[in-house]
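Welcome! Please take a moment to look over the sequence and turn the 3D view around before reading on.

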Amino acid sequence: MKRVVIIGAGPAGLAAAEHALRAGAQVTVLDQSDAPGGQYHRKFHADPHGFGEVLSRCEWWPETTVWAVEGGNAGVAAARVGDPRAAAQSPALRVHLLRGPADGSARERLTLEPDALVLATGAHDRVLPFPGWQLPGVYTAGAAQALAKGERVAVGKRVLVAGAGPFLLPVAESLLAVGSEIVAVLEANTAATVLKGWSGPVHLGKTAELARYAATLARHRVPYRFGRVVVEAVGDDQVREVVTARVRADWSVIPGTERTHAVDVVCVGHGFTPQPELAVAAGCRLDDGFVRIDQDQRTTVANVFAAGEITGIGGADAARAEGAIAGCVAAGGTPSRELLRNRDRTRVFAHRLQAAHPIGAAWPGWLRDDTIVCRCEETTYGRLKEAAADLGMPGPHALKLGTRAGLGPCQGRMCGPTVAELCGGAERHHRPIAQPIRLGELAAPEGDS
């Protein structure tokens, strides 16, 4: 019986667990949260996909942080040339973890040695910087939804929702459900760009979902505007006003179209950024920031699989479809044609999503020299431009050391893609320690694996 460890209990990880169990594996599911479901299934008590029953047959370890992954790298070359005997001789995978609340002082350090590892670590909001985005009252769209859906907490009374992508719609719906007044929902892309991207065969499930969101906004008289962005947040101790402006298809601001709104909160999200830190730590190769996989969801590292948003942003359906295949193959099974067709069908939707809601190339035009880009280290746009032009700082590594952008507590998770886009150097660096761990925890004796 194969031992399969799955990191992440969102749609991809839970689907991987279900299909690994069907293939006869012994499954352990790890997640930092205290409840399964991930960002998408925050109302897990409803359990629309029956994942509670799946987890009852697994080893389910909530509040578990994986801080390092070792092994498997020697099997990469063997896997490429198709030598199963050499691949089988690759070093054992070792998953280093801490069990207990992230802010707790008595976390237990353990190591697992699975036969196969499925990475389903998901993604987090991407927010493009603008003047004033560091003020209290500026939330990521995902954070606002998490508080609304998970805690029934409204982030503010008068809220503007802005950014790019269909995720803005469920965020607005969640905020309305907990009593917030939504001033408007602003989609940065023009109507022509969005309609062109979504042109093609109708996806009945997504169309019905879109109709529901539209009806909710109409019932609450919430305007939805295309081609408009937040270019500044204004306030002293917190956000008091936001300035919005119309933009062209490339997101360049149209002068004279600025408009000011009185708000106490602005929720912003410009799509999602994958979380491939553990994949990079394991030695997996990336393509444009996403984990490289083959048709069976295998990464470039032997016995390591990836599924969900770390392989490409495509939504919950795509994540579940990829997770099903990853779990099946990781357990030694062969995915059915139906599973493969379903995965390929959801990838079509993912490509349309990307085409309909791209990031406009001219967005840096919103920035001023004093605009903070890295909030942890308070590195400004002007400082980044100076460093990028300095011949004494060749390459992204020297630029990070010279400006400290990306070296703060979040380790570039918030500003990394933005700094890379502004200054070059998009690849993630290998970090043996992928998540924060206290020195005391590192020095403490390890528990039984």
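## The chain as a whole

Please keep in mind that this is a predicted model. The protein chain contains 15 helices and 22 strands. Of its 449 residues, 51% count as buried. If we look at contacts with a separation of 6 or more, residues 24 or more positions apart account for 67% of them.

## A sheet of three strands: β4, β5 and β6

Our tour starts with an open sheet. Its 3 strands follow the order β4-β5-β6, with antiparallel pairing. The edges are formed by β4 (64–70) and β6 (108–112), each of which pairs on one side only. On average, neighbouring strands here are turned by 20° against each other, direction ignored.

How many bridges join β4 to β5? There are 6, and the two strands run antiparallel.

Is β4 enclosed or open to the outside? Because 6 of its 7 residues are buried, β4 is largely enclosed by the rest of the structure.

Another arginine is placed over a tryptophan elsewhere: R375 lies over the face of W133, at 4.3 Å from the ring centre.

## A second sheet: β13, β14 and β15

Next comes another open sheet of 3 strands, arranged as β13-β14-β15 with antiparallel pairing. Here the edge strands are β13 (228–235) and β15, each pairing on one side only. Neighbouring strands of this sheet are turned by 30° against each other on average, direction ignored.

A hairpin of 3 residues leads from β13 to β14. These two strands pair in the antiparallel sense over 7 bridges, while 4 bridges join β14 to β15, also antiparallel.

Another pairing to look for is T244, which stands opposite R259 in β15.

| Strand pair | Bridges and direction |
|---|---|
| β4 and β5 | 6 bridges, antiparallel |
| β13 and β14 | 7 bridges, antiparallel |
| β14 and β15 | 4 bridges, antiparallel |

A search of the whole structure finds 5 aromatic pairs. One of them is made by W251 and W366, which are stacked with 6.1 Å centre to centre and 10° between the planes. Where do these two residues sit in the chain? W251 is in the loop between β14 (239–246) and β15 (259–262), whereas W366 is in the loop between α11 (337–356) and β21 (372–374). The pair therefore links distant parts of the chain, 115 residues apart. Both W251 and W366 are buried. Together with W363, they form one aromatic cluster.

## Two helices that cross: α5 and α6

The last stop is a pair of helices. Helix α5 (residues 141–151) and α6 have axes that come within 9 Å and cross at roughly 40°. The crossing is left-handed. Which residues meet where these helices pass each other? From α5 they are A141, A144, Q145, A148 and K149, and from α6 they are P170, V171, S174 and L175.

Is helix α6 (residues 168–177) mostly covered or mostly uncovered? It is mostly covered, with 8 of its 10 residues buried. Among the buried residues are P170, V171, S174 and L175, the residues that meet α5. L168, L169, A172 and L176 are buried too. After α6 comes G179, whose phi is positive, near 100°.

Methods: Residues numbered from 1 in each chain as written. Predicted model: local features only at pLDDT ≥ 70, side-chain atom pairs only at ≥ 80, totals over all residues. Heavy atoms only, no water. Pairing = 2+ DSSP bridges. Axes fitted to C-alpha atoms, helices over the stretch in contact; angles between N-to-C directions. Buried < 20%, exposed > 50% of the residue type's maximum accessible area, 1.4 Å probe, protein only. Phe/Tyr/Trp six-rings, centres within 6.5 Å; stacked < 30°, edge-to-face > 60°. Lys NZ or Arg CZ within 6 Å of the ring centre and 35° of its normal. Left-handed = near helix turned anticlockwise from the far one by under 90°. Contact = heavy atoms within 4.5 Å.
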